[in-house]
Amino acid sequence: MAYRIVVTILVLLATICDAQLSSTFYDTTCPDALTTIRTAIRTAVSKERRMAASLIRLHFHDCFVQGCDASILLDDSTTIESEKTALPNLNSARGFQVIDNAKSQVEKVCPGVVSCADIVAVAARDASFAVGGPSWTVKLGRRDSTTASKSLANTDLPFFTDDLQTLISKFTIKGLTAKDMVALSGAHTIGQAQCFTFRDRIYNNASDIDAGFATTRQRGCPSSSSTSNNQKLAALDLVTPNSFDNNYFKNLIQKKGLLQSDQVLFSGGSTDSIVSQYSQNPTAFKSDFAASMINMGDIQPLRGSAGIIRRICSAAN
């Protein structure tokens with residue numbers, strides 16, 4: 001009887017250990033996984049620097065819907081309504097081909113081993129580092145979902161018109177703090193936005209936007225709505241749009257946040273002090289950004305026997 005109990009405990013412990021995320025998860029099963037992914041990401045970012053922000057955002061938008069399970073990569077099918085067509089992702093989420101290419105390269109060296117969810121997580125880290133941002137140790141061992149949720153993408157992802165309390169609530173639900181939220185928002189320093197997401201802000205003559213900044217931004221974003229006008233792109237940080245730095249936070253203090261959901265981070269509310277700290281201390285920002293990316297990567301991963309390892313990231317095969 002005692003022997004059976006010991007065996008049972010050992011089996012349970014083994015199962016628990018097997019289910020934990022670990023930075024060494026692929027050391028034995030696919031030792032070349034990380035270098036293969038890194039090469040693919042560096043190549044993509046060198047061709048288009050904007051891709052770095054897109055890959056970081058892709059990881060973020062994946063983790064906030066069903067957890068970090070690569071559900072955002074799934075295409076429409078008879079059983080799946082893709083998250084790609086949800087409002088926060090429609091015509092803006094990108095980098096899918098980069099992930100597909102990285103997955104293809106990894107499959108060549110160790111087929112059926114590395115999950116798409118892990119590739120998305122590693123790609124975000126490598127993209128950050130490729131443009132001068134921080135690096136961090138990525139915990140691995142996530143598995144891929146066989147489902148997606150367009151409805152959750154529409155409700156759980158932050159929206160460009162969200163007020164501060166709504167944003168804080170959306171992050172709190174995911175187990176992230178207001179500090180995580182502000183730190184992660186700093187990735188906007190290398191991001192871009194479509195005209196329709198900030199048109200109202202730059203034309204409404206509000207007190208929370210610098211008048212000269214609004215006028216400058218109006219040149220690239222016509223007041224009239226049309227498909228071509230709505231999709232015109234603008235850098236979220238005009239000063240150093242290609243550098244992963246803390247200028248984003250300096251902009252907020254000067255009332256030069258392009259999106260309303262950015263400016264509310266410094267608007268007399270509870271996150272003002274965090275924005276002020278990061279505007280003065282780029283080292284603190286980068287350190288906290290890395291820590292918050294690790295925290296975000298821990299949101300509800302599928303582990304152990306849950307989920308699958310997709311061979312093609314866009315299909316629940």
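Figure 1. The 31 positive and 28 negative charges of the protein have mean positions that lie 4 Å apart. The structure shown is a predicted model. Along the principal axes, its C-alpha atoms occupy a box of roughly 75 × 40 × 35 Å. The radius of gyration of the protein is 21 Å, which agrees with the value near 20 Å that a compact globule of 317 residues would have. The accessible surface amounts to about 14,300 Å², and carbon and sulfur atoms contribute 54% of this area.

Figure 2. The protein contains 15 helices and 2 strands. Of its 317 residues, 49% are buried. Among contacts with a sequence separation of 6 or more, 74% are between residues 24 or more positions apart.

**Figure 3. The disulfide between cysteine 116 and cysteine 313.** Cysteine 116 is joined to cysteine 313 by a disulfide with an S to S distance of 2.1 Å. The link of cysteine 116 and cysteine 313 is left-handed, with -95° about the S-S bond. Distant parts of the chain are linked by this pair: cysteine 116 belongs to helix α5, whereas cysteine 313 is in the segment after α15 (282-297), 197 residues apart. Cysteine 116 counts as buried because its relative accessibility is 0%, and cysteine 313 counts as buried because its relative accessibility is 1%; the cut-off for a buried residue is under 20% relative accessible area.

**Figure 4. The disulfide between cysteine 195 and cysteine 221.** Cysteine 195 and cysteine 221 are joined by a disulfide, S to S 1.8 Å. An angle of 75° about the S-S bond makes the link of cysteine 195 and cysteine 221 right-handed. Cysteine 195 is found in the loop between β1 (192-194) and α9 (199-203), and cysteine 221 in the loop between α10 (211-218) and α11 (227-230), so the pair ties together parts that are 26 residues apart in sequence. Cysteine 195 is buried, its relative accessible area being 0%; cysteine 221 is also buried, with a relative accessible area of 0%. With the bonded cysteines of the protein numbered in sequence order, the pairing reads 1-4, 2-3, 5-8, 6-7.

**Figure 5. The surroundings of leucine 140.** Leucine 140 is placed in the loop between α5 and α6 (150-156). Leucine 140 counts as buried because its relative accessibility is 1%. When neighbours within four places in sequence are left aside, leucine 140 is in contact with Gln20, Leu21, Ser22, Ser23, Phe25, Tyr26, Leu34, Asp118 and Val122.

Notes: Residues numbered from 1 in each chain as written. Predicted model: local features only at pLDDT ≥ 70, side-chain atom pairs only at ≥ 80, totals over all residues. Heavy atoms only, no water. Disulfide = S-S within 2.5 Å. Helix = DSSP H or I, 4+ residues; strand = E, 2+ residues; numbered from the N terminus. Buried < 20%, exposed > 50% of the residue type's maximum accessible area, 1.4 Å probe, protein only. Rg over C-alpha atoms; globule rule 2.2 N^0.38 Å. Contact = heavy atoms within 4.5 Å. Areas by Shrake-Rupley, 256 points an atom, 1.4 Å probe, with all protein chains shown as cover. Lys, Arg positive; Asp, Glu negative; His and termini not counted. Charge placed at Lys NZ, Arg CZ, Asp CG, Glu CD.
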